[in-house]
Amino acid sequence: MTEEPDDFLRAVEATLFVAEAPLTPAEIRLHVGESGDLSTALSALADHYAGRGVNLVERGGRWHFQTAPDLAHILRREKDEMRRLSRAAMETLAIIAYHEPVSRAEIEAIRGVQVAKGTLDVLMEAGWVRPAGRREVPGRPLIYATTPEFLSHFGLGSRRDLPGVDDLRAAGLLDPVDLALEGLAGQSVVENDDEDA
């Protein structure tokens, strides 16, 4: 015989079900009050929905229901198609994700080219990048960071879940030219050591 969920658990479930955006535990508490153990309720609900058509997930400290990953293809046609990001926008997004908080000048130094005028605007419109204050240096440049929507869209629990260099290399996502240059850089050091000997 299954145990009936208590009122607190049901209130947490209802709050998350009707939420228009992912909620932090503090935001959930505003709706359900302080009477129950929220972490236990969230864990119980996540377990209850595991393996179902929708799952309760935590992304960047915010909780929400999402379609099970293996069923996402069913709903794709219902979803508004987002414009594909340009290569420059993807590179800029990756730099922000791996180096945040980062200024426009730092992005340009890493990419080796100027950031086009609208690139950061496109990423902010998508909800993946936000201004994160100003750097305390002369000129006080604006710095950028990723958002919880970025984590949610890419299925990341936190920035620590971003793939590392070894993961990217194994997936074949690193530019072969960069890999060749990396090999040459290592080889020239060995050659210089041989010449010094």
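Just after α2, G33 takes a positive phi of about 85 degrees. Helices here are DSSP runs of H or I with at least four residues, strands are runs of E with at least two, and both are numbered from the N terminus. This is a predicted model, where local features need pLDDT of at least 70, side-chain atom pairs count only at pLDDT 80 or more, and totals for chains, interfaces and linings use all residues. Residues are numbered from 1 along each chain as its sequence is written, and side-chain values use heavy atoms, with hydrogens and water left out.

Back to the helix itself. In α2, residues 25-32, the buried residues are I28, R29 and V32. Because they cover an arc of only 105 degrees around the axis, they sit on the same side of α2; the arc is taken from the directions from the helix axis to the C-beta atoms. Buried means under 20% relative accessible area, exposed over 50%, and partly exposed in between, with a 1.4 Å probe and protein chains only. A26, L30 and H31 are exposed on the other side of α2. The buried residues of α2 pack against α1 (7-18), α3 (38-49) and β2 (62-67), contact being heavy atoms within 4.5 Å.

R29 also has a charged partner. It forms a salt bridge with E34, with the closest N and O atoms 3.8 Å apart. A salt bridge is a side-chain nitrogen of Lys or Arg within 4 Å of a carboxyl oxygen of Asp or Glu. R29 is buried at 18% relative accessible area, whereas E34 is exposed at 64%.

Where else are there salt bridges? The whole structure has eight. One joins R87 and E91, at 2.9 Å from N to O. These two are four residues apart in helix α5, so about one helical turn separates them. E91 also meets R111, at 2.8 Å from N to O. That pair links distant parts of the chain, with R111 in helix α6 (residues 104-111) and E91 in α5, 20 residues apart. Shared partners join R87, E91 and R111 into one network.

Now the core. The largest nonpolar core has 17 residues, and L93, I96, I107, L120, L123, V129 and F150 touch the most other members. Such a core is a set of buried Ala, Val, Leu, Ile, Met, Phe, Trp, Tyr and Cys residues joined through side-chain atoms within 4.5 Å. Its largest share, five residues, comes from α5. Apart from it lies another core of 16 residues, among them L38, L42, L45 and W63.
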